[in-house]
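Dear colleague,

Please find below the structure that I am handing over to you. My notes on it follow directly after.

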Amino acid sequence: YKLIEGDKLRKKLHNTILELKGNIRVFCRVRPLLPDEGCNTEGKIISYPTSMEASGRGIDLAQNGQKHSFTFDKVFAPDASQEEVFVEISQLVQSALDGYKVCIFAYGQTGSGKTYTMMGRPGHPEEKGLIPRSLEQIFQTKQSLLSQGWKYEMQVSMLEIYNETIRDLLSTNKPSFENGTPGKQYTIKHDASGNTHVTDLTVVDVQSVKEVAFLLNQAANSRSIGKTQMNEQSSRSHFVFTLRIFGTNESTDQQVQGVLNLIDLAGSERLAKSGSTGDRLKETQAINKSLSSLSDVFFALAKKEEHVPYRNSKLTYLLQPCLGGDSKTLMFVNISPESSSVAESLCSLRFASRVNACEIGTPRRQT
Ligand code: ADP
């Protein structure tokens, strides 16, 4: 009897904490070892309790015999499927249709599974990621809400931020960063009703998942790819996918405007490991600056400071209307299980636990 009561109490406490914490969540996902990574020779460096006690929220990391423990809103073990991960975010995606501004980030070192989490594995439909799954859900729900009088218009834009410069991934006229052409200077503007405009950015009206899939493919082809010693195809830019949703219901005279931002952040690895010099060093410094600006914004919001330093990076300025207020944010911190990555993993977990301590905006409205 005491055990049952204890469980109930713990659940209640957990729910109360979630309510108090507001609109930001952090999920940690550990990817499996890849076939060419062999086995972890230094023993178990990452462990995630599976007992009821931790309810899948704790993760321990051992470095030089020292244990570091972290707690997040959810921890996904390496065997968690894309489907299982999506189940946990489908309500958040739904809230964009209800008129909320939603941001979902993937953070972590290169090779930790950010793109897998966001996009999935190419050519393996059962392993599709959050972006295609979210779009399927949104377009399905849009269809089912027609009978209740709701009509939706959707617009997609995709951009990347590389070295603090915005690049339009859907533009047919693509300047190249690689050959030093600076390209167009896209300017970010926020209007009085809290909407973001990026001057000259291509915005496409979309009617179906198929149309968005076509655009995603176009964007993937134009992303800038850099080479570091760590990963031939490491992503050195932040990828921002934005879906704007305009809903009207003539019979009830209601209108909603939601935004879903899905962001695959650039690799968070530190200088020494990526062996950066010259242009690569500049890239890494720009990445570090924007990631620490993101962390500073979360921190300022958490402390309810009057001044939130949105303007310190293009990424935070772009997303300003979607970070704070009654917007909803989810950060995936992706972790590699390799023992050689333990220092980077520890940095990622520390970054994420700083974000996780946030309490943003007004109390969360359940949708
Ligand atoms: P990042 O975007 O962080 O650089 P990737 O998403 O490209 O990392 O992942 C690196 C490799 O690991 C890819 O081959 C990817 O398919 C694989 N991978 C990542 N996460 C998982 C997972 N949860 N299950 C299976 N394979 C994964």
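The protein chain of this predicted model has an average pLDDT of 81, and 78% of its residues score at least 70; pLDDT is the predictor's confidence in each residue, from 0 to 100. Because this is a predicted model, local features need pLDDT of at least 70 and side-chain atom pairs count only at pLDDT 80 or more, while totals for chains, interfaces and linings use all residues. Residues are numbered from 1 along each chain as its sequence is written.

Within the protein chain, confidence is highest in strand β11 (residues 204-206), at a mean of 97, and lowest in helix α1 (residues 2-21), at 51. Helices (H or I, at least four residues) and strands (E, at least two) are DSSP runs, numbered from the N terminus. Two stretches deserve mention here. Over residues 50-54 pLDDT stays under 50, and the model has one contact beyond four places in sequence for them. Residues 359-367 also have pLDDT under 50, with 26 contacts beyond four places in sequence. A contact requires the C-beta atoms of two residues, placed from the backbone, to lie within 7 Å. For the complex, the predictor gives an ipTM of 0.99 and a pTM of 0.86.

I turn next to the ligand. Which residues come nearest to the ligand? Among the 15 residues around it, they are Arg31, Gly113, Lys114, Thr115 and Tyr116; a residue is near a molecule or strand if its C-beta atom, placed from the backbone, lies within 6 Å of it. Helix α3 (residues 114-118) gives the most to this shell, with three residues. By class, the shell has three nonpolar, nine polar and three charged residues. Ala, Val, Leu, Ile, Met, Phe, Trp, Tyr, Cys and Pro count as nonpolar, Asp, Glu, Lys and Arg as charged, and the others, Gly among them, as polar.

The remaining notes concern helix packing. Helix α2 (residues 82-97) and helix α4 (residues 130-145) have axes that come within 10 Å and cross at roughly 50°. Axes are lines fitted to C-alpha atoms, for helices over the stretch in contact, and angles run from 0 to 180 degrees between N-to-C directions. α2 and α4 are therefore oblique to each other; angles under 35 degrees count as roughly parallel, over 145 as roughly antiparallel, 65 to 115 as roughly perpendicular and the rest as oblique. Their contact involves Phe86, Ile89, Ser90, Val93, Gln94 and Leu97 of α2 with Leu130, Arg133, Ser134, Gln137, Ile138 and Thr141 of α4. These residues comprise six nonpolar, five polar and one charged.

Helix α4 also meets helix α5 (residues 209-222), where the axes come within 10 Å and cross at roughly 155°. The two helices are therefore roughly antiparallel. Ile131, Leu135, Glu136 and Phe139 of α4 meet Val209, Val212 and Leu216 of α5, a contact of six nonpolar, no polar and one charged residues.

Finally, helix α7 (residues 278-302) packs with helix α9 (residues 342-356) at an angle of about 30°, their axes being 8 Å apart. That makes α7 roughly parallel to α9. Ser295, Phe298 and Phe299 of α7 contact Phe351, Arg354 and Val355 of α9.

Yours sincerely
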